[in-house]
Amino acid sequence: MSEKKNQAKMVQEISGANPYKCMKCGKCSATCPSYDEMDIKPHQFVSYVQRGDIEALAQSKSLWKCLSCFACVERCPRDVEPGRIIDAARQIVVRQRGGNYLKAEEIPPLVDEDLPQQLLVSAYRRYKR
Amino acid sequence: MQRIGVFVCHCGSNIAATVDVKKVVEMARMEPGVVFADDYQYMCSEAGQAKIGAAIKEHNLTGIVVCSCSPRMHETTFRSCAKRYGLNPYMVEIANIREHCSWIHKDMQEATEKAVILARAAIAKVNLNAPLQAGESRVTKRALVIGGGIAGIQTALDIADAGYEVDIVEKTPSIGGRMSQLDKTFPTLDCSACILTPKMVDAAGHEKIKIYTYSEVEKVSGFVGDFTVDIRKKARSVDATKCTGCGVCQEKCPSKKTPSEFNRGLGNRSAIYTPFAQAIPNVPVIDREACIKFKTGKCGVCEKVCQAGAIDYAQQDEIITEKYGAIVVATGFDTIKLDKYDEYAYNQSKDVITSLELERVMNAAGPTKGHLERLSDGKAPKEIVFIQCVGSRCADARGKGYCSKICCMYTAKHAMLIRDKYPDVNVTVFYIDVRTPGKNFDEFYRRAVEEYGVNYIKGQVGKVAPQPDGSLLVQAADLLDNRQIKMKADMVVLATAIEPDPSVRGIATMLTASIDTNNFLTEAHPKLRPVESPTAGVFLSGVCQGPKDIPETVAQAGAAAVKVIGLLAKDKLTTNPCTAKPDELLCNGCGNCAKVCPYGAITYEVRQINDHGIREERRLATVNNALCQGCGACTVTCPSGAMDLQGFSNRQLIAEVDAICR
């Protein structure tokens, strides 16, 4: 299997999302609070996975602009869940960099007053279900 | 010993491409009882049938096996072929080597092996077949139509015009259905009431049609040609023979706060009411839940003002039992509930409405007298947003997986009518796809865009947020321009998915008619028998079978009527001879078979029998062949093995299993 296909498969496996269920309604992009700051728009995520162009997703600004609010996951009528797809792409990048997730007990010392509460909420929301 | 002929069909390449038909013929020749075997390209064709006929004559065949498609497709064809050439039709067995074999397998060797086994099983069965004689049953020349919308009305009119009696059962106080709630109809924009009410009047005045409104089907028994149906005529509390329809009672009724079902809850009605002014019959009903007289015992205003003395608080529900030869289901649809779609703010704002509610708003007889206004403050809207596919085409648990089919067209209609009447109002339609297959449909949609300046944007709406100033913030995607839109709207209209009326589940159960996972009734064949239920004598009309617009509904209603007329025109129906038959020497009179029989076909009677020289009276199972449908439930229940199914005897089935396992 080519590297491209392999990466696309990884995204599908990590996210559990099936990009072929998408009917291109754009409800994800309509919903997204970070839409304007993204270079690749939420409704386009699925096309990149279908084409196997995970590299472009990994290089995109969108990867780091997504708030993981999962509004798109909540509202997607086709259960495609673009939020999970971008989340999976992000994980692939983090793993390549050898980055590690924090342990739960390491978090409290790192939290200071200036840290936006929203960030914490978003982080926990990812593991909500 | 039987003399069996085996006929293997190629079905063009449908079978022959996956199954080695020559090999099947060769293997069949070696089976016991087989005296002739051959293959042909299309066994069902005239030439193929002639081949079978010639073999019957030449080889004195007593039974035949056709290896072909499903018996649902051509069993009747081959049975009548056998009959034509002097063979009892029940000496024909079908080995399904298409649907059960060639279509589902890829490997030729394996598929051929399976085809041989299927043929062998059928041959083993024919070896034990005995000629059966079909009986006859009578046909009650009267039809029942369940549902009094456009589908039911049209079906009833067509049946009645052919000279047969028809009864319509409608659960609401008036016939007319959803169509009576619509303002205008696409693609010609003629007023819905103007084309529907004459049909309602025709139905009411037709000497062959009897209408039971405010009534429900309560029990169905019997079978094709001879159904017995109990209809509950709910107490109207108004004597229909005395009421003149003057309407004074409705005017004077002090209880006026019940949400009007007809206006989709956008306005109120009185406790004594007719759903709308053109209701048929024009006889009100008292809603006992809302009536002060029924709740507190005090009031009685309607009784006092009624000049005709028609008010009857003591009226009781009435059960009417009637016999029918055919039943048509025309139960229609409703829109889905939007409780789970918080993002569209339907429950939060009065200015977010469904398209069916907009029909009432735009109707001159509706809650706003036809004025387009916001339901929150009565102000004229300047900016209206339409959202398509709300709950349709959804793979999630919130909505429906299917396309509701009618929304693209009615939205184009609404947008066009608004732009025509209020040219200063901006109309934006957010769509995923615009689907307009139908005569003059796409032209109609293009007119909305090109002549009426309706703004169509490809992209779904993500959320609708009510603002403090009373407006609605609509956030949507514009996929073709790749931008996100945030716009203020004064009104939002949701093209809400439609679903079969909830009453259909109970009705389908009573009729033993099958329904699919979306509660749409299933057709006997999706292409070739689209207006018949798989249950004999039950027919389908309108949206209960699948989403469809008015022209399609009317066409289907006519088709269902033709099928009913074809049935009622017969004096006798041939019954299935494959019925249960008890062996009276083995029957121990336990009564279990009668308990499991879903058709009430088994009774017990005391008879004198001669058991190997001993004469005695015994309690024995007796099967009514006209009622028995041959389901076989009794045969597996019988503890003494006394019950057997003719044409599917225990011996025959075991022989088939043995042949397969050989």
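## Ground rules

This is a predicted model: local features need pLDDT of at least 70, side-chain atom pairs count only at pLDDT 80 or more, and totals for chains, interfaces and linings use all residues. Residues are numbered from 1 along each chain as its sequence is written, chains are lettered from A and ligands numbered from 1 in the order written, and side-chain values use heavy atoms, with hydrogens and water left out.

## Chain B as a whole

Chain B has 18 helices and 34 strands; helices (H or I, at least four residues) and strands (E, at least two) are DSSP runs, numbered from the N terminus. Its C-alpha trace spans about 90 × 65 × 40 Å along the principal axes. Of the 662 residues in chain B, 53% are buried, meaning under 20% relative accessible area with a 1.4 Å probe, protein chains only. Take the contacts in chain B with a separation of 6 or more: 69% of them come from residues 24 or more positions apart. Contact here means heavy atoms within 4.5 Å.

## A strand on the inside

Strand E21 of chain B (residues 383-390) is largely enclosed by the rest of the structure, because 8 of its 8 residues are buried. E21(B) runs parallel to strand E22 (residues 426-431) of chain B, with 5 bridges joining them; two strands pair if DSSP finds at least two bridges between them. Within this pairing, B:Ile384 sits opposite B:Val427 in E22(B).

## Where B meets A

Each chain puts 21 residues into the contact. Together they bury about 1700 Å², 48% of it on carbon and sulfur atoms; buried area is the accessible area (1.4 Å probe) that two parts lose on being put together, summed over both.

The rule finds 1 salt bridge across this interface, that is, a side-chain nitrogen of Lys or Arg within 4 Å of a carboxyl oxygen of Asp or Glu. The partners are B:Glu343 and A:Lys27, at 2.8 Å from N to O. On chain B's side, strands E24 (461-466), E25 (472-478) and E26 (483-489) each supply at least two of the residues touching chain A.

## A look at A:Thr31

A:Thr31 belongs to helix H2 (residues 27-31) of chain A. With 4% relative accessibility, A:Thr31 counts as buried. Leaving out residues up to four places away in sequence, A:Thr31 touches A:Ala71, A:Cys72 and A:Arg75, plus B:Gly462, B:Gln475 and B:Gln484. A:Cys69 is 38 residues from A:Thr31 along the chain, and their C-alpha atoms are 10 Å apart.

Note on methods: Buried means under 20% relative accessible area, exposed over 50%, partly exposed in between (1.4 Å probe, protein chains only).
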